[in-house]
Amino acid sequence: MAAMDLDAAVDELYGLAPEDFLTRRKALVAAAKSAADPDLAREITALRKPTVAAWAVNLLARRRPEELDRLAELAEDLRAAQRDLDGPEMTRLGRERTALVDELVAATASVVTAAGGRLPPPAAAAAPAALGGALATQEARGAALPRRSPPAFGGRACAQGSIGTAPTRSRGRP
C-alpha cells in the first residue's frame, strides 16, 4: 500500500468481512513496519476485529447510508424531547425508535444477504445494540454517519465495550 495512513487502513479493514480482517490487518502491519513506520504499525495492530453484528451494521451504513440517517434524525428528536422534559413526546419517539430499529435490523440482514453472507441469529439479536449505541453519543454518531467503523462499529471503542460487544449486565440486576 503506497503512502499508507491510518485512515486508509481503517477504511480498508472495516470494509472487509470479519473472517478476512485478521489476515489483512497482519499484512498492513507488516507493510507499515517495512515502511519504517512503527507508530502506524502499532495503531493498526490496535484496531479490533468487529463482531459480526458490528460488521453487519457497518455494511448497512456503507451500502444504504440513508437508513442510518433516519435513525440519526430520530435520535436528535429524542434528545430534544429529553432536554425539554417532554414525557409524552419521549414515549411516542421511543415507540418510533423501536419500530425503526426493527426495520433497520431487517435492512441489515438484507444487505448482508445481498453481499453473499448471512446474519446469524446471535448477530441479529446484537444488531439493535450496535445501532442504538452508534447514535447514543454525538461522538459515536459522528463516527457512524461517515460510513466507517471506528470508533462506533468495531474500532477501539468496541474493545472498550462500546459498540459491537455483548451488552453487560448492571450490577445488582440479574
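Trainee: Which hand does the crossing of α1 and α3 have?

Mentor: The crossing of α1 and α3 is right-handed. A crossing is right-handed if the near helix is turned clockwise from the far one by less than a right angle, and left-handed if anticlockwise. This is a predicted model: local features need pLDDT of at least 70, side-chain atom pairs count only at pLDDT 80 or more, and totals for chains, interfaces and linings use all residues. Residues are numbered from 1 along each chain as its sequence is written, and side-chain values use heavy atoms, with hydrogens and water left out.

Trainee: At what angle do α1 and α3 pack?

Mentor: Helix α1 (residues 6-13) and helix α3 (residues 38-46) pack at about 25°, their axes 10 Å apart. They are therefore roughly parallel (angles under 35 degrees; over 145 is roughly antiparallel, 65 to 115 roughly perpendicular, the rest oblique). Leu6, Ala9 and Leu13 of α1 make the contact with Leu40, Glu43 and Ile44 of α3, contact meaning heavy atoms within 4.5 Å.

Trainee: And what angle for α4 and α5?

Mentor: About 105°, with the axes of α4 (residues 52-63) and α5 (residues 65-83) 5 Å apart. That makes α4 roughly perpendicular to α5. On the α4 side the contact has Leu60, Ala61, Arg62 and Arg63, and on the α5 side Pro65, Glu67 and Leu68.

Trainee: Switching topic. How many salt bridges are there in the whole structure?

Mentor: A search finds 8, a salt bridge being a side-chain nitrogen of Lys or Arg within 4 Å of a carboxyl oxygen of Asp or Glu. One of them joins Glu12 and Arg24, at 2.4 Å from N to O. Glu12 is in α1 and Arg24 in α2 (residues 18-34), so this pair ties together parts 12 residues apart in sequence.

Trainee: What does Glu103 pair with?

Mentor: Glu103 forms a salt bridge with Arg70, the closest N and O atoms being 2.8 Å apart. Glu103 lies in α6 (residues 87-114) and Arg70 in α5, so the pair links parts 33 residues apart in sequence. Through shared partners, salt bridges join Arg64, Glu67, Arg70 and Glu103 into one network.

Notes
Axes are lines fitted to C-alpha atoms, for helices over the stretch in contact, and angles run from 0 to 180 degrees between N-to-C directions. Helices (H or I, at least four residues) and strands (E, at least two) are DSSP runs, numbered from the N terminus.
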